[in-house]
Amino acid sequence: AGSKDVIIVIDTSGSMNSRPSQSGCTECSSTDNRMDYVKEAASWVINTLSAADYAMVVEFSDNGARSQSSTMLPMNMLNRAILKDYISGLSPDGNTPMDKAFEKAFEVIEDSEAAGKTSGCTKNILFLTDGQNSGDDQTVIDIIQQKNGGPYEGEDLHYESGSGQNGDLTLISTYAFGDGASPLMSQIACEHGGVYHNIA
């Protein structure tokens, strides 16, 4: 695979403190909560990146959306460690305003491109949540379309020449941890070239 830009968006709302379903899980600890699984998943993603890739972590709750840095970092060994340390320090609290999360993710992409801190290749947002938006779903959809164009379907998905505000399409994949995911999660992924996974 070629080099890429990756924004990992992590839901740190209070509901992430809930324990996932234990059914059929042979490796689940009785003390692990959704936040633990999200941290593990996000750190695994960081470990798969190379020095040619750029990445950043955004966290969000009703305390707002924040990122470890205002721009993406090249994923050399030091910066991978910095992001994994940031992930390990996250804790759940508050509600789940997904509109703020996507605003921040696209802001990081835009600021990174302006600063030349980008691979110049495929852009990806990986959205990790328990799947329940505390705000208005249409507001989330409107923000994404304003920044990314779309919705895209089938042959409309031209990764190098999307009609988004950023000049080309940012692929958005959504990962819902728990069994209460909103249909919004699959809609976002389907309309923006990504994949949707429900991890119960």
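Phe102 is a buried residue, with a relative accessible area of 0%. The model it belongs to is predicted. Its chain contains five helices and seven strands, and 48% of the chain's 200 residues count as buried.

**Aromatic rings**

- The count of aromatic pairs comes to two.
- In one of them, the ring centres of Phe102 and Phe127 are 4.5 Å apart and the planes meet at 10 degrees, so this pair is stacked.
- Phe102 sits in helix 3 (residues 98-114) and Phe127 in strand 5 (residues 122-129), so the pair ties together parts that are 25 residues apart in sequence.
- Phe127 also counts as buried, at 0% relative accessibility.
- Phe60, Phe102 and Phe127 are linked by ring pairs into a cluster.

**Cysteines**

- Zero disulfides are found in a search of the whole structure.
- Cys121 has a relative accessible area of 34% and is therefore partly exposed.
- Cys190, with 58% relative accessibility, counts as exposed because the cut-off for that class is over 50%.

**Chain layout and surface**

- Among contacts in the chain with a separation of 6 or more, 68% come from residues 24 or more positions apart.
- The chain has an accessible surface of about 9,000 Å². Carbon and sulfur atoms account for 46% of that surface.

Methods:
Residues are numbered from 1 along each chain as its sequence is written. This is a predicted model: local features need pLDDT of at least 70, side-chain atom pairs count only at pLDDT 80 or more; totals for chains, interfaces and linings use all residues. Side-chain values use heavy atoms; hydrogens and water are left out. Rings of Phe, Tyr and Trp (its six-membered ring) pair if their centres lie within 6.5 Å; planes under 30 degrees apart count as stacked, over 60 as edge-to-face and the rest as tilted. Helices (H or I, at least four residues) and strands (E, at least two) are DSSP runs, numbered from the N terminus. Buried means under 20% relative accessible area, exposed over 50%, partly exposed in between (1.4 Å probe, protein chains only). A disulfide is a pair of cysteine sulfur atoms within 2.5 Å. Contact means heavy atoms within 4.5 Å. Accessible areas come from the Shrake-Rupley method with a 1.4 Å probe; for residues, only the protein chains shown count as cover.
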